[in-house]
Amino acid sequence: MGNYLWVIVLLPLLGATVNGILGPVVKKNTVTAFALGTTGLSFILAVVAFFQLVGLPADERAITNTVYSWIEVGDMNVNVSFLLDPLSGLWLLVVTGVGFLIHVYSVGYMDHDHSYWRFFTYLNLFMFSMLMLVMGDNYLLMFIGWEGVGLCSYLLIGYDYHRDAAAVAGKKAFVMNRIGDFGFILGIFLIFVTFGSINYHDVFGSAHNVLTEGGVIVTAIALLLFVGAVGKSAQIPLYTWLPDAMEGPTPVSALIHAATMVTAGVYMVCRSAVLFNMAPTAMMVVAVIGCATAVFAATIGLFQKDIKRVLAYSTVSQLGYMFMAAGIGAYVAAAFHVMTHAFFKACLFLGSGSVIHGLSGEQNMDKMGDLKKHMPRTYWTFLISTLAISGIFPFAGFFSKDEILYSTYNSGSLVLWGIASVAAGVTAFYMFRAVFMTFHGESRVEPEAMKHLHESPNVMTMPLIILAGLATVGGFLGIPMIEGANVLHNFLGPLFEAGRHEAAHDTAHHSAALELGLMGLSLGIAIIGISLAYYFYIKNTALRDSLYGTFKGIHKVIFNKYYVDEIYDAIFTNPIVSVSREFLHKVIDVVIIDGLVNGVGSFFTTLSEMAKRMQPGMVRHYALTMLVVSIMMVSYFLWGAK
Amino acid sequence: MMEAVASLNHYLILSAVLFSIGVIGVVTRRNAIVIYMSIEVMLNAVNLTFIAFSNHLNDMGGQVFTFMVMAVAAAEAAVGLAIIIALFRNKNTVDVDEVNLLKG
């Protein structure tokens, strides 16, 4: 049982290989068939495997499929082996399910593209890497997937490589991720040195014997792993690559930079819950960084004009929520939010893609407006997802966000709770601002784009509708309060129990009244945010404009993303560039390295120049030399030698 | 009246003069044939020395050696002239200064 898990992982790789090699010569339909066929089949198998898993008794829910022994060097023993347990099962369904829908959508979105096959090759390769990351049963396989998704992210952000902005954004994402990966791999090294193994089972099984609670080593491991998560999941201070990643085609933004890849960091933290639970300091860092990112990114999202950038900052902000949840030990809530976020954020991105597609590539919300009647399907799905992300009952985001806020409140971190609640209100405001600017009000669409304005084809709207449906009902998996009805908690919960003491029972005695009160409060905050957005962007735009005038300075700072990119450039990039150019290039490279290499050559050339004079090619010269030397020798033997 | 008999010293001086003429010829001339002839002069100067000592010491070894040298010189003449002819056919000259393909 479960010995077909490797097929799920490998199918997308097969699609990528076939399309990568045959793509340029076969017909477009064949490419589509391979790309969709492999991911679709992978999804079906994933569903089968998932239900097999659910069918098992709760304490036996871990299916391992060892394919072969990969590395055996000394003490190191790494298998290519896949693990299906509730945590990887959830991610498996999200990755293959949402991934498949986005593949379908891409068929419509990328229809006019000149290298259609290349896009699907990358997309399939991404699916493969992501599945490796999620399904591997040791840290090395996770790292392979981790690097693989980073590579695919780079390739897809820079998909339109002839545009400078796209190429630069791809590079930025890659470099930022490298910083995180560096921490991650150091963490893996430390795990191997400490445990002598990098297999999840061995590491988590012996963690309590090998490490001391709150000790230096476990804290170091947890923090190093978290550095990796910070890079991949775009948290402060490495978040700046994600908004720039919007240079990629919109389906890529939806799949990689919203629904799946960026949640890899959350997955890793949840997976390593045993280690994190033993390191309270590291947990604190995770929670604080998560919370800070949530509110920081949300405020940047307030005044962005590019619709995709608004969504990008909201992704960063939502990822912050997930880390905050993980940081206070509410791993289930984090995983829950990952799932609901995957639904509504993928839907939002695909919706924005539909708008951009309909407007012939326009992304500036100042040139949209009143699209509601032109694109009804896009509008309604976008609206549902926006309600979900804003946390309006009964949409999915309400349950997951509320669970995070509730857990935070319960953990006693009232400051974090307060900040996160404010961020939730800000989220509701800027998301509805986007809705109002895009779909309501008066049309500001350019006349040229107006001519081609159309609702997207079915192949694009169907995934939207499915995702909107999931964004509506997805939350019911985690209904709070009623014991037993919280399916997700019962399913995932046991995985995170190890290493928890008092926090483990927080679900057991939660007060319904308190939770209801908090729910009402967060709902109220969301509604305030929405009302403000309505007031400023529909009702009274004049007041808004005069406020812009009054707070010009603040607006400018926030609109320019607090100048973080510029600060990074000044502190890191520019010094590195100038040191590289002035010292590493002009001194080390040109003078020392080139000097050494050329020096060896010219030394022997000079020597040869001198030696060659001994052979002028004149016979008489040789004869004279012979004569002189002979005379010298004879003289020596006659008179010299005694 | 002093009998005009050539002593050993006379032979040796003549031999030295001949040898020097040969050396100067080899070093100063450019024509391969002339150089070649100069070498022959040097060889024969050495032969003269051998004969002179042979006579003086009453030892036949020197004369045997002279025959040896003459045989080698004959073989050398054959090979050397063949080289010069081959040289002339290829470069249309026997000037040794023109033959410097192997110069460094």
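Helices are DSSP runs of H or I with at least four residues, numbered from the N terminus. With that in hand, let's work through some exercises on this predicted model.

**Exercise 1. Where does B:Asn92 lie, and is B:Asn92 buried or exposed?**

Step 1. Find the place: B:Asn92 sits in the segment after helix H3 (61-91) of chain B.

Step 2. Count the neighbours. B:Asn92 has 8 C-beta neighbours inside 10 Å, and a residue with 12 or fewer is exposed. B:Asn92 therefore counts as exposed.

Step 3. Look at the backbone. Most residues other than glycine have a negative phi. For B:Asn92, phi is near 60 degrees, a positive value in a residue other than glycine.

**Exercise 2. Describe the phi and the surroundings of A:Asp370.**

Step 1. A:Asp370 is in the loop between H15 and H16 of chain A.

Step 2. Its phi is near 60 degrees, which is positive although the residue is not glycine.

Step 3. A:Asp370 counts as partly exposed because it has 14 C-beta neighbours inside 10 Å.

**Exercise 3. Sum up chain A: how many helices and strands are there, and what box do the C-alpha atoms fill?**

Step 1. Chain A has 26 helices and 2 strands.

Step 2. Along the principal axes, its C-alpha atoms fill a box of roughly 125 × 65 × 55 Å.

Step 3. Of the 642 residues in chain A, 50% are buried.

Step 4. Now consider contacts between residues at least 6 apart in sequence: in chain A, 80% of these join residues at least 24 apart.

**Exercise 4. How do strands S1 and S2 of chain A run, and how many bridges join them?**

Step 1. Strand S1 (residues 63-73) and strand S2 (residues 76-84) of chain A run antiparallel, joined by 9 bridges.

Step 2. Look at the turn. S1(A) and S2(A) form a hairpin with 2 residues between them, and A:Gly74 in the turn has a positive phi of about 55 degrees.

**Exercise 5. At what angle do helices H3 and H4 of chain A cross, and which residues make the contact?**

Step 1. Two packed helices are described by the angle between their axes and the distance between the axes.

Step 2. The axes of helix H3 (residues 86-109) and helix H4 (residues 116-135) of chain A come within 10 Å and cross at roughly 175 degrees.

Step 3. Angles over 145 degrees count as roughly antiparallel, so H3(A) is roughly antiparallel to H4(A).

Step 4. Residues in this contact include A:Trp91, A:Leu92 and A:His103 of H3(A), together with A:Phe119, A:Leu123 and A:Met127 of H4(A).

Step 5. Sorted by type, the residues of the contact of H3(A) with H4(A) are 10 nonpolar, 4 polar and no charged.

**Exercise 6. Is A:Ile102 buried or exposed, and which residues does A:Ile102 contact?**

Step 1. A:Ile102 lies in helix H3 of chain A.

Step 2. A:Ile102 has 29 C-beta neighbours inside 10 Å, so A:Ile102 counts as buried.

Step 3. Leaving aside neighbours within four places in sequence, A:Ile102 is in contact with A:Pro251, A:Ala254, A:Leu255, A:Ala346 and A:Pro463.

**Exercise 7. How many residues does the largest nonpolar core have, and which helix gives the largest share?**

Step 1. The largest nonpolar core has 206 residues, and among those with the most contacts inside it are A:Ala334 and A:Ala346.

Step 2. Helix H15 (residues 331-358) of chain A gives the largest share of this core, 17 residues.

Step 3. A second, separate core has 6 residues, including A:Ala623 and B:Val23.

Step 4. Turn to where the chains meet: 10 residues of chain B are in contact with 10 residues of chain A. On the side of chain B that touches chain A, 5 residues are nonpolar, 3 polar and 2 charged.

**Exercise 8. Where are the prolines A:Pro237 and A:Pro394, and what is omega at their cis peptide bonds?**

Step 1. Most peptide bonds are trans.

Step 2. A cis peptide bond joins A:Ile236 and A:Pro237, with omega about 5 degrees. A:Pro237 is in the loop between helix H8 (216-232) and helix H9 (241-244) of chain A.

Step 3. From A:Phe393 to A:Pro394 the peptide bond is also cis, with omega near 0 degrees. A:Pro394 belongs to the loop between helix H16 (376-390) and helix H17 (396-410) of chain A.

Methods:
Residues numbered from 1 in each chain as written. Chains lettered and ligands numbered in written order. Predicted model: local features only at pLDDT ≥ 70, side-chain atom pairs only at ≥ 80, totals over all residues. Axes fitted to C-alpha atoms, helices over the stretch in contact; angles between N-to-C directions. Parallel < 35°, antiparallel > 145°, perpendicular 65-115°, else oblique. Contact = placed C-beta atoms within 7 Å. Nonpolar A, V, L, I, M, F, W, Y, C, P; charged D, E, K, R; others polar. Core = buried A, V, L, I, M, F, W, Y, C linked by C-beta atoms within 7 Å. Buried ≥ 20, exposed ≤ 12 C-beta atoms within 10 Å, placed from the backbone. Pairing = 2+ DSSP bridges.
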